[in-house]
Amino acid sequence: MSVVCEIWFAFSWLLDQLPKLCPINRSTYLDVLKEKFEVPSPNNPTGKSDLPCIDVFVSTVDPEKEPPLVTANTILSILAADYPVEKLSCYVSDDGGAFLTFEAMAEAASFANVWVPFCRKHNIEPRNPESYFNLKRDPYKNKVKPYFVKDRRRVKREYDKFKVRINGLPDSR
């Protein structure tokens, strides 16, 4: 009986190892997805997006342990995702019920009116404003649009004001 079990375990181990010898690498082609889901076709005569609705839940507890700026940047990166606006919902769950988080999300909502259109207009990556403005590479590289520099400076100024407002919230209590 033990010999049969050993043979079975060896066989199952071999089956487990075979996919690792020849891994499959997949990549996403966004233009093909857009063509498939957002272009009028017999299956989609209106050309509206057939992509599924997505609900994203961001949970936070204590603004002292999880800075509101980090939560706000997370929300902004979700809202700026390259996904149809009508199919994307973002919810914030604050288990601690802190008024500070509420105020920070109100500030994030006002800054989103500037950040989200900027991201969509210029195809900005990464979508998190803190990560984007702290990039070590040249942000103007491969950007041939003359108004990009002006827009980026304007959004950077707005983001700096946004950070000051968010970081000043605990002092206002």
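The largest pocket of this predicted model is lined by Leu30, Asp31, Leu33, Lys34, Phe37, Glu38, Leu51, Ala81, Asp82, Tyr83, Pro84 and Arg120. A pocket is an open set of points on a 1 Å grid over the protein atoms alone, where a 1.4 Å probe fits, with protein on both sides within 12 Å along at least five of seven lines; lining residues have an atom within 4 Å of a point. Its space is about 280 Å³, a volume filled by probe spheres set on the points. Helix 2 (residues 30-38) gives the largest share of the lining, six residues. Helices are DSSP runs (H or I, at least four residues). Seven lining residues are nonpolar, none polar and five charged.

Local features need pLDDT of at least 70, side-chain atom pairs count only at pLDDT 80 or more, and totals for chains, interfaces and linings use all residues. Residues are numbered from 1 along each chain, and side-chain values use heavy atoms, without hydrogens and water.

The salt bridges number eight, each a side-chain nitrogen of Lys or Arg within 4 Å of a carboxyl oxygen of Asp or Glu. Asp151 and Lys121 pair at 3.0 Å, N to O. Asp151 lies in helix 6 (residues 147-168) and Lys121 in helix 4 (residues 99-122), so the bridge ties together parts 30 residues apart in sequence. Asp151 is buried at 12% relative accessibility, whereas Lys121 is partly exposed at 42%. The cut-offs are under 20% for buried, over 50% for exposed and in between for partly exposed (1.4 Å probe, protein chains only). A salt-bridge network links Lys121, Asp151 and Arg154.

Conventions. Helix = DSSP H or I, 4+ residues; strand = E, 2+ residues; numbered from the N terminus. Nonpolar A, V, L, I, M, F, W, Y, C, P; charged D, E, K, R; others polar.
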